[in-house]
Amino acid sequence: MSLETLEQDILAQVSAASDEAAIEAVRVAALGKKGAISERMKSLGSMSPDERREAGAALNLLKDRVSEALGVRKAALQEAALEVRLAGEKIDVTLPVRPQGTGTVHPVSQVWEEVVQVFGDLGFAVAEGPHIEDDFHNFDALNIPPEHPARQEHDTFFFNEKPDGARMLLRTHTSPVQIRTMLASKPPVRIIAPGRTFRCDSDMTHTPMFNQIEGLMLDETTTLANLKWVLTEFCKAFFEVDDVKMRFRASHFPFTEPSMEVDINYAREGGQLKIGQGDKWLEILGSGMVHPNVIRAGGMDPDKVQGWAFGMGLDRIAMLKYGIPDLRAFFEADLRWLRHYGFRALQVPTLAGGLS
Ligand code: DAH
């Protein structure tokens with residue numbers, strides 16, 4: 001076979017190679033140890049010096065051209081392989097977010113934020129306590145001794161007894177945060193404590209887990225007049241009405257003396273509740289002047305420090321404000337319900353921008 005034919009043959013194979021493995025095979029067949037060109041190089045030894053010079057120069061030129069062609073083809077194939085891979089791994093980051101895929105803010109979270117905004121504006125800080133409490137903070141320190149009938153009313157979830165006989169429990173109200181706050185601070189105290197509470201109770205209007213908000217204000221001169229003003233301002237701001245009537249009814253709680261339940265006026269118009277209108281009454285919270293025993297348990301001197309506390313159902317005021325009829329739906333995680341009653345994310349309630 002002439003050198004020309006050999007070259008055409010190899011270059012045809014180079015063009016025909018469709019991937020890197022194929023081009024490598026062509027290279028080995030031409031330039032490898034036993035390749036066609038290498039074999040011809042070996043035959044130079046048996047030639048006369050003149051023949052060898054001529055044939056050697058021609059073979060070297062052929063070798064260069066073949067190497068060059070192999071390199072060009074290999075680079076082209078590598079480039080094509082990269083293109084295919086890039087196309088396969090492409091992610092279109094410009095795709096829009098599907099609107100039905102966005103979540104909503106739960107009414108409890110919304111109302112929680114609203115309450116924090118209103119009380120924050122009145123100078124109250126947010127305090128917290130653990131969900132798992134001990135007897136002391138949940139009962140004893142709140143003037144509810146072991147044999148007190150209020151303990152039965154609380155339908156407490158208890159944990160198993162510890163070796164020393166003590167039982168931890170799920171807090172039945174947010175009131176233990178009063179004690180924790182007092183023990184950790186000095187008067188004046190001005191806090192609210194929104195949070196989860198637990199009772200072994202379940203029907204139309206009760207769920208085993210629910211949310212409360214506690215309020216506590218203590219200093220040397222705080223009176224019920226402050227409580228009335230603060231609660232009135234809260235109700236007006238929270239329910240977004242110009243005026244609301246309040247009724248303070250004598251009641252009893254172990255941790256307050258005197259104790260009062262607080263009602264606000266409302267009217268029912270076309271199946272809707274109108275807070276601050278009409279002459280019907282709706283109970284929204286329990287309150288009173290903090291009992292001296294509670295102040296003492298909180299490490300403060302009841303002869304120097306006085307003030308009030310209140311406890312309110314967060315879920316309940318959410319239902320009232322947003323016309324939500326069934327408490328249990330709050331905790332069923334039904335997406336249709338959440339879409340209907342939920343709030344747009346990023347629409348954070350503020351007093352300046354509007355609460356709801
Ligand atoms: N802890 C009470 C409950 O869960 C609510 C309550 C009533 C809290 C009066 C108070 C208060 O701070 O003064 O039923």
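Pro258 sits in strand E8, where strands (E, at least two residues) and helices (H or I, at least four) are DSSP runs numbered from the N terminus. A cis peptide bond joins Glu257 to Pro258, with omega about -5°. This is a predicted model, in which local features need pLDDT of at least 70, side-chain atom pairs count only at pLDDT 80 or more, and totals for chains, interfaces and linings use all residues. Residues are numbered from 1 along each chain as its sequence is written, and side-chain values use heavy atoms, with hydrogens and water left out.

**Backbone geometry**

- A cis peptide bond also joins Pro187 and Pro188, with omega about 5°. Pro188 belongs to the loop between helix H8 (176-184) and strand E5 (189-198).
- Asp155 is not a glycine, yet its phi is positive, about 45°. Its place is the loop between helix H7 (150-153) and strand E4 (169-170). Asp155 is partly exposed at 32% relative accessible area; buried means under 20%, exposed over 50%, and partly exposed in between (1.4 Å probe, protein chains only).
- Glu240, also not a glycine, has a positive phi of about 55°. Glu240 lies in the loop between H9 and E7. Its relative accessible area is 40%, partly exposed.

**Ligand site**

- The ligand is surrounded by 15 residues, each with a heavy atom within 4 Å of it. The closest are His173, Ser175, Arg199, Gln212 and Glu214.
- The shell divides into four nonpolar, nine polar and two charged residues. Here Ala, Val, Leu, Ile, Met, Phe, Trp, Tyr, Cys and Pro count as nonpolar, Asp, Glu, Lys and Arg as charged, and the others, Gly among them, as polar.
- Strands E6 (209-219), E10 (280-290) and E11 (306-313) each supply at least two shell residues.
- A polar side-chain atom of His173 lies 2.9 Å from a ligand nitrogen atom.
- The protein covers 90% of the 350 Å² of accessible area that the ligand has on its own; areas come from the Shrake-Rupley method with a 1.4 Å probe, and for residues only the protein chains shown count as cover.

**Salt bridges**

- The structure holds 18 salt bridges, each a side-chain nitrogen of Lys or Arg within 4 Å of a carboxyl oxygen of Asp or Glu.
- Arg65 and Glu7 pair at 2.7 Å, N to O. Arg65 is in helix H4 (residues 49-88) and Glu7 in helix H1 (residues 3-16), 58 residues apart. Arg65 is partly exposed at 39%, while Glu7 is buried at 15%.
- Glu233 and Lys236 pair with their closest N and O atoms 3.4 Å apart. Both lie in helix H9 (residues 224-239), three residues apart, about one turn. Glu233 is partly exposed at 26%, and so is Lys236 at 23%.
- Glu261 and Arg249 pair at 3.1 Å, N to O. Glu261 is in strand E8 (residues 256-269) and Arg249 in strand E7 (residues 246-253), so the bridge ties together parts twelve residues apart in sequence. Glu261 is buried at 17%; Arg249 is partly exposed at 28%.
- Arg247, Arg249, Glu261, Asp263 and Glu283 are linked in a salt-bridge network.

**Domains**

- The chain is assigned domain 1 (3-89) and domain 2 (107-341), with bounds from an automatic or database domain assignment.
- The C-alpha centres of domain 1 and domain 2 lie 88 Å apart.

Technical notes. A polar contact is a pair of N or O atoms within 3.5 Å; within protein, one must be able to donate a hydrogen and the other to accept it, and residues adjacent in sequence count only if both atoms are side-chain atoms.
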